[in-house]
Every structure is written in C-alpha cells, then in structure tokens.
Amino acid sequence: MALPRPGVQERILLHLRDYVDYSERVEVPFALSQMGIANAVSIARSNVPRAISGMREQGLLIERQAHVTGVSRKRKAYFLTDAGVEVANSIWDTVSQQPVRLIHPDGRSETVVLSSALDITDLPLRHVDFLRYIDDNGSVDLSVLTAELIERDLSKQIEKQLIYSLNDLPRTRKFYGREKEVEDIVKLLEAQSSSILIPGIAGIGKTALAGKVLERFTHRRNLIYHRCQDWEGSRAFLEALGEWLSAMGSNDLSDYLSATPVPQASVAVDLIIEGIGYSPALIVIDDLHKVGDETLISILRGLSKKFPELDEVGLMMFSRSFRMVIPDQDSSGKILTLVMPLEGLDQNSSRQILNAMPDIETTQFSHIYSLSRGHPLILELINRGSVGGTFHATLEAFVEQEIFSRLSGPQKRLLGSIAVFREPMSLDALSEQEIVIDLLDELVEKGLARQADSENYDVHDLVREFLVRSMESELKLELHGKAVDWYRTRKVSPTDRIEFIYHLYSSDRIEELAEVLTNEGHGLVKAGHTELLGILRALDQDGFDAQGWGVVRELRGNILSLQGRWDEAELEYESAITSAKKNQLGNQLARLYSARADIAVKRGATDDALELHRKALEIQIAIRDAVAAARSYNNMGYIFRRRRDNRHALEVYGNVEELLESEDNPRLCESRIRLASAFLEMGELDRARNHAMIAHDETKENGDETLHARSQAVLGRYYARIKDNDLAMMHYSGALEVLSRLADPHSAVEVQMLLGHVLSDANQKDEAAEHYLEGLALAEANDFRHLQGELLARLGEVENDRSQRMDYLQRSLTVFRELGAVDRMREVQNSVHRVITGH
C-alpha cells in the first residue's frame, strides 16, 4: 500500500524537528531559511511564507532574522517552539510506522517501515528526503540517488518560478481599441530593457492599458503592479517591491526596510537591481501623480538609469501629470525613458463602447464623440445610462446633468459613502453608513462603483472628483464622520490610524484630531510614517487650541527632520516655540528645544546644541520631569564625549546617576542603559557593568523585552571589552533575537557593531568586516554620521588589504573632520600613519 504523503505543513514540522538545537544559535544552517525549507519539502520558495503563517499563529514555530551559513546577508529563519516539537513528534510517531518500498541499486526491493528505512541505506537521507522522493506507489528508487544529487536538491538557491504581485490591479470589465498602443509598448519592452512614462487624464484608460500589457507578459516575466495612493509615500512602493523580491528569492530589500524607517533612494535602487538580478521582470506603477514623495521619484530615476544594463527588465509608469519626473536620456544622449501620452479612443472603438445605443444617429454620435473626446469612462457611463439625446456645452455639464442628477437620493448617498474612503472598503464598512446595500449592484452595473475584489468596493478617481465636488458639505461631513466611527475600533495597524486621522480632519472634528495627534502622532512619526505630513500640511490653525496647534507644527518639524529637510524643520520648530513660550507650555517647549538640539548636533553645531539642551533641562527640572531630564543629561554627555571633554561628560553623567538613585520610575531604565553604554565608551568599565546589570535585572523583572535586549547588548559589549568572548556571544545572541525584529535603525547598527567587535576580538577579521559593512550601510541610510565614522575606522582596523584599509581610514577621517571631532581625527590619523609605516 502506498505511503500517504503528509501535508506541506506536516513535512515542514518534520523538517524543522531535526534542527531544534539551533534555536539559540547566532549562525544557523541554510536548511532553516525559506529556500532551505522549500528544498527540503519540495515546494516553491514563494509558497513557504503562506505555509508557515498558520503554524506561526498557532504558536508552533517562531521566525527571526539570523545569519545563515553560506549566505552573505541575514535571512529569515524558522525554529520550532516547545508546542511545535510536540506536534512534530506526534506526526513522526505516525509517519515513522508507515511502510515504504525500497528499490536497491542491485535490483532488490523490500518493504519496511519508514523509521527502519533510514537505517538501511548508506545515503545521507532524512525522513523528509524519503517523503520528497517517494512515488505514487509508495516506492523510493535508491538506484537513481547519489549523495551529490541529494545535496544539490537541498542546497539550490535559485527559484525559476515566475512571481506575480498583481493584487492592486483593478478588474477590467471590457477593453476596447488600443491595439496599436499595446503592440508598441510590448515591442519596445521586448527590444531592450527600458522605462516608459504614459501620461493621460483621469479615466482615459491608463489602468486598463496597464492590465492588458501585464497580460501580454504573463508566463514570460516576473510582474508587479503597484497603485500609488494619496496618503502613501515611497515606503509603500518599496514594501510591495520587497515582498515581491522576497518571493523571487531575495530578502535584501525587505531586510533593509525592516531596519530603517526612512529608506535612502540610492541604497533602495541598488537592492532592487541586485534582487532582480538576471530574472526577467516588469514593474508597473499606476497613479504616480498621487505621490509627491521626492524619495520615490529619486528611486524611479535611479531605476531608469540602471535598467538598460539588465536583460529583459522594464519599468512602466502611468500618471495624470505630463511633468517629466525622470530623465529621458543620459549624459551621452542615449534614450532612457520613452514618453507615450495616452489620448482618447478613435471613433470606431468609441462606437463599440456605445453598444446599448445601436441605432444612434451620426449627428448625435458626433456630438457625443466631440464632447467626450473619445474618453472611455465617459463613453461607458453614457452607454450604461443610455443618455445622449440632449446637447451640452461642456463635459462637466453633461456628466452632472445626464448622470449624477439622475441618481436617487439613496444611490447618491451610497456612492458618496464609498467615495469618502481613500481605499477599497468592505460591505461591513459601508453597512455602518446606514445605506441600502442592495443598490450597490446597480451602481456597479452603471459603472459608477466598481468591485475591487470579492469583498471590497471603490469608485474611479474621476467619479470621486465629480461626486465630491458636487456633494453638499453637510453630507460630506456626515459620511466622513461615519468613516471615523468605523476606524475608531479598528486602529490596529499604523495605516488604519493614519486613515482615522484623515477622516477626523475631513469631518472637521478638530478637538478629537488634536487629542489623537498628541497621543499617537509622535509614535507614528518615530516609526517612519512620513506620509502623515500631507494631512498635517493641509491643516490650518482654526479650531486648534495653542497646545494642539503646537503639536501639529512639532510633528511637521519631526517629519521634515527625518527627511533631512532641516531648514524647513527649524521653521516649524521656531513657530511652535514662539507659541509654546507665549502660552507657557513647558513640556512642549522642552521637547522642541531638544528637537532643535538634535538638528544642531547633526550639523556639527555642538555649542548651539548644548545651549538648547540646557534650556530644555531648565524646564524639565522646574516641572520635575525626571525622565526627560535624564535624557537631556545623556544627550549633553554625548556631545561632550564627541568633543573629548570627558570632565564635563562625567559631570553630566553624574547628574543622571543622581536621578536614578533618587527617583523610582521604571521609565528611567532607558536612560540607565544609555548611561551604561556611554561609560563603556569612556572606559569606565565598572560603572558600565553596574548600570547594565541593574538594567538587565529590572527589565527582566518587568517584562520589557526591548529594553532587556538593549541591556544585553551593552553587557555583550562589556564582556567583549574584557575579552570574555563566550559571555559576550551569549548576551549578544539574546539581544540579537529581539533587536533584529525591531524597525529601529539605531539598534540595528548597534547590533552589527557589537557582533563585529566580538568577532574582531576573537580574531575573525573577515566576519567582523562583513558586519561592519552591513552596519555602515544602515548608518549611511539613516544619516548616523558619527556612527559612519566609527564603522569606517573599525573597518580600517580589520581589513587585510593595505589599500582598502587606507580608503576606509581616509573616509573615516573625512567624516570626523566634517563633524569637528578633532581628537577622534587625531586617533584615525595615527592609524593612517601606522598603515603607511607598515606597523
């Protein structure tokens, strides 16, 4: 009897069962990566996340970033939990006793239970290998297997399956004409790797054309369609590309995005190019005009310049704007981007759309064609409404009088309730609007509403524009208010919270908006959600009290500062400071002084930064805000250390110690960890260890996983400093498991520096350099200039090649010179001298 083959999830559990001892290891086998799992259980790598997600939700396994043997960058790895081990053991108890027929190289065959089969053959076969090679009759032919074949099957890292990411692509009911446009685009993309910009007005058929081109390249290229939204920036595009590239076998972009809230365009472009590699691919971006994010434009410019160097790769951009956002040619005059404006349909195609009016007179058709200019959406609305007998002077008048004025009150309300949402919404959301859902099918049939997928509905942008422009303000406020009620209990993700904020603004609920921005705005910005800037900039002061308006200006400044637009940020901060002083808002004023100090530090204006921190500190002491005061003292100590003024640094750090002794506030633990790290850098090892151990015990007791990991990171660095590499690696491993999951770039750089330091102390110079380089990429992406200098200096210490060492040290010297870190410059100059003299 044939052996019933366990399901995919059961085979994955059996596979991971053999690697439970690696759950705490820093470096893990390739078998624990997504590609390793795919190879072991014989599925496509792109199917692994889907197969694993259910088991992760059941608590059977965990996922973490790990260093995978034979792979240059960190990868996602998977480990069974105790519960997962129990389930895997139970599966093995059943599977191990089922029969399997073995065909030996000498022609003999025998039937044994699977557990015995493992012992009979000399080949390196595990239970999942038998399950992979077993045929429909329950037989495994050992005569065709070799150790090399088995190893090749388990170690392959390239997946040839084409990957499609087309979830954003709306359904196209019909497609008329455009044969020439489709053929021209396909020929251009087939002839060479290139970029094409297709501008056209709303409703002209850009999305339908995108779908038709994608259809032509199905089964030929990896495909992704991304639709830009008003509230999104470059990050949404990069996250979509990251998931797509991960499915193609490259996690580098996803790993980078998880480590930085504000991606750098040049780094993202390089990772996209590297991720695509030699794979045929087509990237389609729709509604590009909706995003004003300069980072996204820079990414597209970079891709358009590098795509011609690749084979079978294309970039298509659809936009309402005719502005040339990317270069049409390079410096040598070679064409990089072709522009193909999309016009209206010809008369024959337009007549095909008007199939509900077969007997239309030539004069009437000419009027409709002249008025619509071959606009397919307008023609479709005319056809479904069977209108056209009345002549109108303008297209706007035609749409208003012949289409919207014919809708009933409930139909208008239903259409409006869909239009106020910025993304496709489910029936549940619409039902809360107290509307007649039964009318939805009628509106879809008329072409005014559309079904985005099986559960969600939206409207075309052109319909939204006409509708919102004609909607009474009272109804608009009411519908946005209903949307507020919908999102109020569904603010799970940052995207939902931003939509909640948008509808609060649109429903004119300024008081609640101010409260939400005060409570949640700082967290959203800190996490890198710069798309909030569009809403913040649309706000005016009317309706806000002094504190609420100050928060708006402060959040604007924080986002602009994140984006490196420091002059604009300081204008926002200065305005908020004036208001905070006038209205005696101490907490807010102190935060604003600290924010300006951060910019001053980045610019190297350390005197200005210290003065701003002193102003913030005066307020914090006066209002007895110990947590903020400790933070300011630590910041001042950091500046003194950069200036090599250890006397003043120790003085302000002493103030932090006094606060830690006098105050019983668990929120001070973060300052204690920073203090421990600072003492470590200054060589105050006993004080560093003391504070790190206290923080370690406190965070373990109160269950703060993130701060506990930070305390372990500091302890790891301490033990590396005193040459106890075993303890250093133990604490590092604990820190890495947590910190690698955080979208906190500073933590990610610290982890890489920590591991590099430990490996360097263990005389593993090449491995240390690898981690320093990864940390350097993150530091450059997030403008951690001082960390850039430190990492370059460390690379100069571990690099073996003399010329490369000199390059790293010279770059480090340049960074420290720009920062004005004179003493650190002297140290690096001494290192340069030692390289030159051969010491």
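I began with the total, and in this predicted model I found 28 salt bridges.

I then looked up E520 and R497, whose side chains meet in a salt bridge with an N to O distance of 3.7 Å. Since E520 belongs to helix 24 (residues 510–526) and R497 to helix 23 (residues 494–506), I note that the pair ties together parts that are 23 residues apart in sequence.

Next I turned to R553 and E572, whose side chains form a salt bridge at 2.4 Å, N to O. I placed R553 in helix 26 (residues 546–562) and E572 in helix 27 (residues 566–582), so this pair ties together parts that are 19 residues apart in sequence. I checked the accessibility of both partners: R553 counts as buried at 17% relative accessibility, and E572 is buried as well, with a relative accessible area of 9%.

I also looked up R596, which forms a salt bridge with E570, and I noted 3.8 Å between the closest N and O atoms. Here R596 lies in helix 28 (residues 586–603) whereas E570 lies in helix 27, so the parts tied together are 26 residues apart in sequence.

Notes
Residues numbered from 1 in each chain as written. Predicted model: local features only at pLDDT ≥ 70, side-chain atom pairs only at ≥ 80, totals over all residues. Heavy atoms only, no water. Salt bridge = Lys/Arg side-chain N within 4 Å of Asp/Glu carboxyl O. Helix = DSSP H or I, 4+ residues; strand = E, 2+ residues; numbered from the N terminus. Buried < 20%, exposed > 50% of the residue type's maximum accessible area, 1.4 Å probe, protein only.
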